[in-house]
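Dear colleague,

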Amino acid sequence: MGGIADGIATLDAATMAAAGRDAAGTFGGRAGAGLRSPRVRAIYSALLDAILANRLPPATRLPEDDLGSIYGASRTIVRSALEALAHDGVLTIEPNRGAFVASPSVADARDVFDARLLVEVQLAERAARCITAADIAALRQHLADEHAALDAGLQQRAILLSGLFHVHIAEATGQRALAGFVRELVSRSSLIVALYWRRRDAICGSHAHEELVDALARGEPDLAGARMRAHLLDILDGLDLTERPAKSIDLGDVLRDA
């Protein structure tokens with residue numbers, strides 16, 4: 001395993017419990033939500049967190065034996081986590097080759113952002129009609145957390161918070177099915193950004209989020225929808241939609257602290 005052997009780590013019960021409530025609970029898809037084993041769910045969450053934070057780039061190979069050594073888990077447990085991630089669209093499993101972080105094509109990228117434009121603009125309009133003062137306060141606190149992460153140079157945390165902002169707006173509408181769809185779209189968007197992002201600045205400009213929250217707080221559906229559309233189009237404009245070669249990484253370096 002090369003460098004992976006130097007970074008073998010196990011997940012204790014407390015770490016597993018925290019991991020299970022982290023990325024899996026926020027961004028996990030239907031397969032991840034249905035996992036009952038704490039060990040499987042913890043590995044699912046740790047890998048999902050690394051993928052969403054761009055620590056595991058698209059097309060990275062994830063050997064079962066290597067992951068088992070890193071997490072101190074059996075191949076059966078690791079395989080269950082990988083299969084759930086594949087079902088939720090963030091991994092692909094190829095016969096006789098194993099699991100790889102999904103590598104969205106240019107067509108996939110356009111499809112995902114077309115879907116986000118269709119769904120999130122309408123959800124922003126709905127949120128402006130029904131959002132509560134408590135929701136607005138939570139969103140403003142979320143913006144403060146985003147600023148703090150950026151100011152501290154915690155780019156990976158800022159990326160996760162940026163995606164979570166969109167999930168929170170969807171959840172504020174009370175539309176659980178659509179909020180779940182947004183959650184999956186945000187996860188897939190993280191892979192797309194990891195592969196095609198061309199700007200140096202953060203994925204979502206904080207000013208765009210602030211302007212959107214202001215429109216929601218004023219209860220202006222048309223303005224909220226327009227600002228969500230402009231925001232998503234701006235993200236899309238930041239993508240260089242040409243195919244990119246896979247990056248080479250060391251799993252141990254990425255996952256040893258997960």
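His-166 lies in helix 9, which spans residues 155-172; helices (H or I, at least four residues) and strands (E, at least two) are DSSP runs numbered from the N terminus. The model is predicted, so local features need pLDDT of at least 70 and side-chain atom pairs count only at pLDDT 80 or more, while totals for chains, interfaces and linings use all residues. Residues are numbered from 1 along each chain as its sequence is written, and side-chain values use heavy atoms, with hydrogens and water left out.

His-166 counts as buried because its relative accessibility is 2% (buried: under 20% relative accessible area; exposed: over 50%; partly exposed in between; 1.4 Å probe, protein chains only). The side chain of His-166 makes a polar contact of 3.3 Å with that of Arg-116, and another of 3.3 Å with that of His-231. A polar contact is a pair of N or O atoms within 3.5 Å; within protein, one must be able to donate a hydrogen and the other to accept it, and residues adjacent in sequence count only if both atoms are side-chain atoms.

In the protein as a whole, there are 13 helices and 3 strands. Of its 258 residues, 51% are buried. Among contacts (heavy atoms within 4.5 Å) between residues at least 6 apart in sequence, 76% join residues at least 24 apart.

Yours sincerely
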